[in-house]
Amino acid sequence: MAIVLDLHSFTISQALHEIQRTIVANPKCNCIEVIHGYNQGEQLKLFLKDKNNLHNKRVLKTQPVPFNEGRTFIILKI
């Protein structure tokens, strides 16, 4: 099961809070697709490059969505 989060115009701390809330609220979720935008979302995109920034043991890895620089996948353990 995958979830899509639109985090346009979120600060990094707001985005982190929303991602953590989503991970906890969805224990059967194996992927979160974060929409951060291409131009204005560059800081969030860079933040998501390092899975350790998310401070959650369920996060296996993060990866950019192929052919869409405004989105990032967060791959989770179930």
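Start with Arg21 and Glu18, whose side chains meet in a salt bridge with 2.6 Å from N to O. This is a predicted model, by the way, so keep in mind that the distances here are computed ones. Both residues sit in helix H1, which covers residues 12-25, and they are three residues apart, about one turn of the helix. Arg21 counts as partly exposed because its relative accessibility is 43%, between the 20% and 50% cut-offs.

How many salt bridges are there by this rule? The count comes to three, so let's visit the others, using the cut-off of 4 Å between nitrogen and oxygen. Glu33 pairs up with Arg71, and their closest N and O atoms are 2.8 Å apart. Glu33 belongs to strand E2 (residues 31-35) and Arg71 to strand E4 (residues 71-76), so this pair ties together parts that are 38 residues apart in sequence. Is Glu33 buried or exposed? At 16% relative accessibility, Glu33 counts as buried, while Arg71, with a relative accessible area of 26%, is partly exposed.

Next come Lys45 and Glu69, another salt bridge, with the closest N and O atoms 3.6 Å apart. This pair also links distant parts of the chain: Lys45 is in helix H2 (residues 42-48), Glu69 is in the loop between strand E3 (59-64) and E4, and 24 residues separate them. Lys45 counts as buried, because its relative accessibility is 17%. Glu69 is partly exposed, with a relative accessible area of 45%.

Now step back and look at the whole protein chain. It has two helices and four strands, and reading along the sequence gives you the pattern β-α-β-α-β-β. Take the contacts between residues at least 6 apart in sequence: 61% of them join residues at least 24 apart.

How does the overall size work out? A compact globule of 78 residues would have a radius of gyration near 12 Å, and the protein chain has 11 Å, which agrees. Along the principal axes, the C-alpha atoms fill a box of roughly 30 × 25 × 20 Å.

Conventions. Residues are numbered from 1 along each chain as its sequence is written. This is a predicted model: local features need pLDDT of at least 70, side-chain atom pairs count only at pLDDT 80 or more; totals for chains, interfaces and linings use all residues. Side-chain values use heavy atoms; hydrogens and water are left out. The radius of gyration is taken over C-alpha atoms; the globule rule is 2.2 Å times the number of residues to the power 0.38. Contact means heavy atoms within 4.5 Å. Buried means under 20% relative accessible area, exposed over 50%, partly exposed in between (1.4 Å probe, protein chains only).
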